[in-house]
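Please open the model in a viewer and keep the selection panel at hand.

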Amino acid sequence: LKEIDVEHPAAKMIVEVAKTQDDMVGDGTTTTVVFAGELLKKAEELLDQNIHATIIISGYRKAAQKSMEVLNKIGITVDLDDKETLKKVSVTSMGSKAIGTAKEHFAEIAIDAVKGIAEKRGDRWVADVDNVQIIKKEGKSLDDTELVRGIILDKEVVHAGMPKRVEKAKIALVNAPLEIEKTEVSAEIRIRDPTQIKAFLDKETNMLKDMVQKIKKAGTNVVVCQKGIDDMAQHFLAKEGIVAVQRAKESDMDKVSRASGGKIVTNLDDLEPEDLGYAGLVEERKIGNDKMVFIEGCKDPRAVSILIRAGLTRMVDEAERAMHDALSVAADVVEKNKIVVGGGAVEAELSKELRDYAVKVGGREQLAIEAFAESLEIIPKTLAENAGLEKIDILVALRSAHEKPKGQYMGVDVFTGKVANMYEKDVIEPLSVKEHAIKSATEAASMIVRID
């Protein structure tokens, strides 16, 4: 949807819905779009029966609120140390992605990464997926995708004379150029004596030497610099056996700082030994045709990296999308530790509950709530259709399964074409993904219905 240039205002709204869903929870975009579309279709039918838009919207809103209550009631609370459940959630999110057998491997990586970056703020857990850096390179296979407990810099070491590998690295993060800056005012110097030229040139060299000495004095053996490093300074750093990387991205600097625990220094005079970050190993490696610097083995990294490998460019992109979904859902569960069952089971259950609720509300709103309940069934319908099954048969089977006691876990098993217990089949999703999908689809539909 991002790639489609739509002109139609209503269609634009639907694209927005997908984007919001992706930004907020990172998964369930298809659900949201399909559901919003169905809500509009049902609203149109009601408008044709001369039911006013306001009544439809108020019915939809009540239905959405009721859905939230039911969701929280049927949600299953997860223990964050229960790795198996987290893994199942991640695998489910990658069901629609074409990465085949690598799902298990990706799920393991995603969970380790999210557990690494999760932090407690006040009394709730927060996991910001932006602290996971994803680097993709063609070559090797999906199974060679790896998690690095640290950061990968897409840069090479600046000078050939520097060591390619440093253990027990002490990292200085410098946001200042290691070069002599040109003066702002143009000045001329009158030199009457050849020795003065030498003194003038030596002064420049000594200034650079001083910079390098300051870095050395703090006990540094790796420098990550956000600005440039002068050739002469590179030479002195190489002589001291210090590894340096120049022109690192600001976002990468932040990540290295989070991973290694180092502070970013803007003035070399302020560089103290306690500002340095620590990493078990800093090494330049060749990945594909490029050289990259790996900073890994950090004690308690608050930022980690994932190196995604695959044979084809398109495959690498698909793998990145799959990884994004897996990371997002793992983070969603960390932030709100409730899960629901997938495979259209939740939607069928909500639909049943809403039908009962509609009768209690009565009046014209009842029609709108019933329309909402029917719209929810588009999810199991679409699943059935995509699997080449007869959607009416499936829907009838689903409805009768949900009427029985303990029927709330029954969903569409696309592999057998029957209705089955999805909890046992390990098809589970974070509660927040469903919540957000229903909320944003309802909002978008209400907004479009209001427009004549």
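A cavity is, on a 1 Å grid over the protein atoms alone, a set of points where a 1.4 Å probe fits but cannot get out, and lining residues have an atom within 4 Å of a point. Grid points are joined across faces, edges and corners, and a volume is the space filled by probe spheres set on the points. The model is predicted: local features need pLDDT of at least 70, side-chain atom pairs count only at pLDDT 80 or more, and totals for chains, interfaces and linings use all residues. Residues are numbered from 1 along each chain as its sequence is written, and side-chain values use heavy atoms, with hydrogens and water left out.

**Cavities**

The whole structure holds two cavities of 30 Å³ or more. For the largest, select Thr31, Thr32, Phe35, Val346, Glu347, Leu350, Leu376, Ile379, Lys434, Ala437 and Ile438; the space they line is about 70 Å³. Two or more lining residues come from each of α2 (29-48), α10 (345-361) and α14 (431-450), where helices (H or I, at least four residues) and strands (E, at least two) are DSSP runs numbered from the N terminus. The lining comprises seven nonpolar, two polar and two charged residues; Ala, Val, Leu, Ile, Met, Phe, Trp, Tyr, Cys and Pro count as nonpolar, Asp, Glu, Lys and Arg as charged, and the others, Gly among them, as polar.

Next, select Ile74, Val340, Val341, Val346, Gln408 and Tyr409, which line the second largest cavity. Its volume is about 40 Å³, and its lining has five nonpolar residues, one polar and no charged.

**Paired strands**

Now display β12 (residues 290-296) with β6 (residues 150-153): the two are antiparallel, with four bridges. Strands count as paired if DSSP finds at least two bridges between them. Isoleucine 152 faces phenylalanine 294 of β12.

Leucine 281 has glutamate 296 in β12 as its bridge partner. Two residues separate β11 and β12 in a hairpin, and glycine 288 in the turn has a positive phi of about 60°.

**Two loop residues**

Most residues other than glycine have a negative phi. Select asparagine 50, in the loop between α2 and α3 (53-74); its phi is positive, near 65°. Asparagine 50 counts as exposed because its relative accessibility is 64%; buried means under 20% relative accessible area, exposed over 50%, partly exposed in between (1.4 Å probe, protein chains only).

Finish at aspartate 426, between β16 (418-421) and β17 (428-430), where phi is likewise positive, near 65°. Aspartate 426 is partly exposed, at 31%.

Terms used. On a 1 Å grid over the protein atoms alone, a cavity is a set of points where a 1.4 Å probe fits but cannot get out, and a pocket is an open set with protein on both sides within 12 Å along at least five of seven lines; lining residues have an atom within 4 Å of a point.
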